[in-house]
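Hi,

Here's the structure I promised to pass on to you.

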Amino acid sequence: MRKKLVVGNWKMNGSLARNQVLLVALNAMVRPGSVDVVVCPPYPYLSQAQALLKGGVISVGAQNLSAFNEGAYTGEVSGAMLRDSGCDWVIVGHSERRSANGEADGVVAAKVQAALDSGLRPILCVGETLEQREGGVAEDVVGSQLDAVVSVVGAVLVSSVVVAYEPVWAIGTGKTATPEQAQAMHAFIRACLVLRGVAAQGVKILYGGSVTAVNAPQLFSKPDIDGALVGGASLVAEGFSAICAAAAAS
Ligand code: PGA
């Protein structure tokens, strides 16, 4: 059985003072149990999060990394630097980065490779736009996003990647995919990985897109939904800890 994983993606939110309140509350509310929990603050706050969460059950991740190790890449942050700042995890290929920062499939694949090379666990985001879903090509889009990574990283290493299915139309919109829609795509993702030679029964596939404490229990009841990547609701301790509790109870 795959242990559930809940990841909070803070996006570009927070301040030293606000993070302190949120992290102290999360430390008190998130109980050790049958769920792994990660928070991903913006870069400047990674060390703060690491210090405040030390010794607890919550791990720290970053929201992005460079595809390169070191050198003249102004404004970029490498996987090794993230490890130095206490990160165990990194989100790669979030749709906001694919659309606003022009990260194409090849760049995303190189970043997954860089994360693995640095000893970080990548959380690879995939997902279709509303137009693509309505055009009947959602599976083609997600399949080719996965293919790009498998072809660069190789089937063996992809088995240690976490996949997050995040339909773009559900992110920050309050419009969650139904548990049935999400389960269907998760099953498709697992089948795709199997076809490409990945030991996919052990791969965690998270759902992301307007997950809340209210809709989480139903999503987590589906056999191929192994947890959640949570944006907005991860900024409120009560909501995020309730999602973690729902994962632990499922
Ligand atoms: P949301 O964001 O939960 O606010 O929809 C999810 C994400 O973008 O990872």
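Let's start in a loop: Lys 11 is found between β1 and α1 (16-29). Helices here are DSSP runs of H or I with at least four residues, strands are runs of E with at least two, and both are numbered from the N terminus. One thing before going on: this is a predicted model, where local features need pLDDT of at least 70 and side-chain atom pairs count only at pLDDT 80 or more, while totals for chains, interfaces and linings use all residues. Residues are numbered from 1 along each chain as its sequence is written, and side-chain values use heavy atoms, with hydrogens and water left out.

Back to Lys 11: its phi is positive, about 55°, although it is not a glycine. Most residues other than glycine have a negative phi. Ser 210, in the loop between β7 (205-208) and α10 (216-220), also isn't a glycine and has a positive phi near 55°.

Both turn up again at the ligand. Lys 11 and Ser 210 are among the closest of the 13 residues that surround it, along with His 94, Glu 166 and Gly 172 (to count, a residue needs a heavy atom within 4 Å). Now the polar contacts, meaning pairs of N or O atoms within 3.5 Å. An oxygen atom of the ligand sits 2.6 Å from a side-chain N or O atom of His 94. For a polar backbone atom of Ser 210, the distance to a ligand oxygen is 2.7 Å, and for one of Gly 232 it is 2.9 Å. On its own the ligand has 280 Å² of accessible area, and the protein covers 95% of that (Shrake-Rupley method, 1.4 Å probe).

What do the strands build? They form a closed barrel of 8, in the order β1-β2-β3-β4-β5-β6-β7-β8, with parallel pairing (two strands pair if DSSP finds at least two bridges between them). β1 (residues 4-9) and β8 (residues 227-230) pair over 4 bridges, and Leu 5 stands opposite Gly 227 in β8.

Helix α2 (residues 46-53) lies across β2 (35-40) and β3 (58-62), at about 170° to β3. Helix α7 (residues 138-153) touches β5 (121-126) and β6 (162-165), and makes about 150° with β5. Contact means heavy atoms within 4.5 Å; axes are lines fitted to C-alpha atoms, for helices over the stretch in contact, with angles from 0 to 180 degrees between N-to-C directions.

Overall, the protein has 11 helices and 8 strands.

Cheers

How values were computed. A polar contact is a pair of N or O atoms within 3.5 Å; within protein, one must be able to donate a hydrogen and the other to accept it, and residues adjacent in sequence count only if both atoms are side-chain atoms.
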